Amino acid sequence: MARQCTFGIEEEYLLVKLASGQVMSAPSAAVARCCRDALGPWFAEEMFHSQIEVASPVFDALDQARDFFGERRQRLAQALAGEGAGLYGAASHPSAQWLRQRPRGTPHYRQLFNDYQLVARRSLLNGLHVHVGVPVGIDRMRVINRVLCWLPLLLALSTSSAYWGGEDTGYMSYRRAVCGEWPQMGLPEPLPDWSAYQRYRALLQRTGSLAENGDFWWAIRPSRRFPTVELRICDGCPRLEDALA
């Protein structure tokens, strides 16, 4: 019998005002503290002050993920309600003004905004990222190549970003259109195996096209930090059952 894969999930949320549903461009210190206290070690900062991420522990079964995210979503919502704030989990907000959002000032994000300027400022988006553990000895690029044909279906099942700047964009996932402005955020290069991946990465680093510790932002990629394949194409899912699917 095939061995069950371990996995982890990263969900991004925008912080909104409960009274109006509008994105909070400058959340108060109390709102930020609520997020940190409610999530503990699973809290992660995102690109904007109005955005947070929940980065899960490693799961062995879907029920574990359901319990974890069900509890965290509820705990976050209850804590934020006391400050007049709430969570927004779709991939794009229908009326948010991205120019009004405050970028994070930490060194990593400051460098990101300096490097990518308007492209970074426009990326007020929520994604759903899924890491799947790959056993030692299995070539992760070969796994990615086998999964590539399923990416359109996985995107279609998750779409939640039809609206942008108060307009119907004509896309079910306008997030993918915005993501297309970033370098190395489309499909992976056609690399047959891990050795080819390493040679390609080394080439970009030699030419100055990729920093020594730089990441590819492909729609599916081998993680640099974990022995996983990371699926990144999916829109954020407001309904937990959609995210779990």
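Tutor: Let's start with a word we will need: a residue is buried when its relative accessible area is under 20%, exposed when it is over 50%, and partly exposed in between. Please keep in mind that we are looking at a predicted model.

Student: Thanks! What makes T228 count as buried or exposed?

Tutor: T228 has a relative accessible area of 9%. The cut-off for buried is under 20%, so T228 is buried. You will find T228 in strand β9, where it touches H131, V132, G133, V134, R140, R221, P222 and S223, leaving aside residues up to four places away in sequence.

Student: How do you know that the side chains of T228 and H131 make a polar contact?

Tutor: The two side chains come to 2.8 Å, and a polar contact needs a pair of N or O atoms within 3.5 Å.

Student: Why is the pair E45 and R104 called a salt bridge?

Tutor: Their closest N and O atoms are 3.6 Å apart, and the rule asks for a distance within 4 Å, so the pair qualifies. E45 lies in strand β2 and R104 in the loop between β4 and α3, so they tie together parts 59 residues apart in sequence.

Student: What makes R232 and E230 a salt bridge, and are they buried or exposed?

Tutor: Their closest N and O atoms are 3.3 Å apart, and the limit is 4 Å. R232 has 11% relative accessibility and counts as buried; E230 has 1% and is buried as well.

Student: Which residues of α5 are buried, and how do you know that they are on the same side?

Tutor: They are L151, L155 and S158. They cover an arc of only 70 degrees around the axis, which puts them on the same side of α5. The face turned away from that buried side carries the exposed residues P152 and L157.

Notes. Residues numbered from 1 in each chain as written. Predicted model: local features only at pLDDT ≥ 70, side-chain atom pairs only at ≥ 80, totals over all residues. Heavy atoms only, no water. Buried < 20%, exposed > 50% of the residue type's maximum accessible area, 1.4 Å probe, protein only. Helix = DSSP H or I, 4+ residues; strand = E, 2+ residues; numbered from the N terminus. Arc of directions from axis to C-beta. Polar contact = N/O pair within 3.5 Å; in protein donor to acceptor, adjacent residues only side chain to side chain. Contact = heavy atoms within 4.5 Å. Salt bridge = Lys/Arg side-chain N within 4 Å of Asp/Glu carboxyl O.
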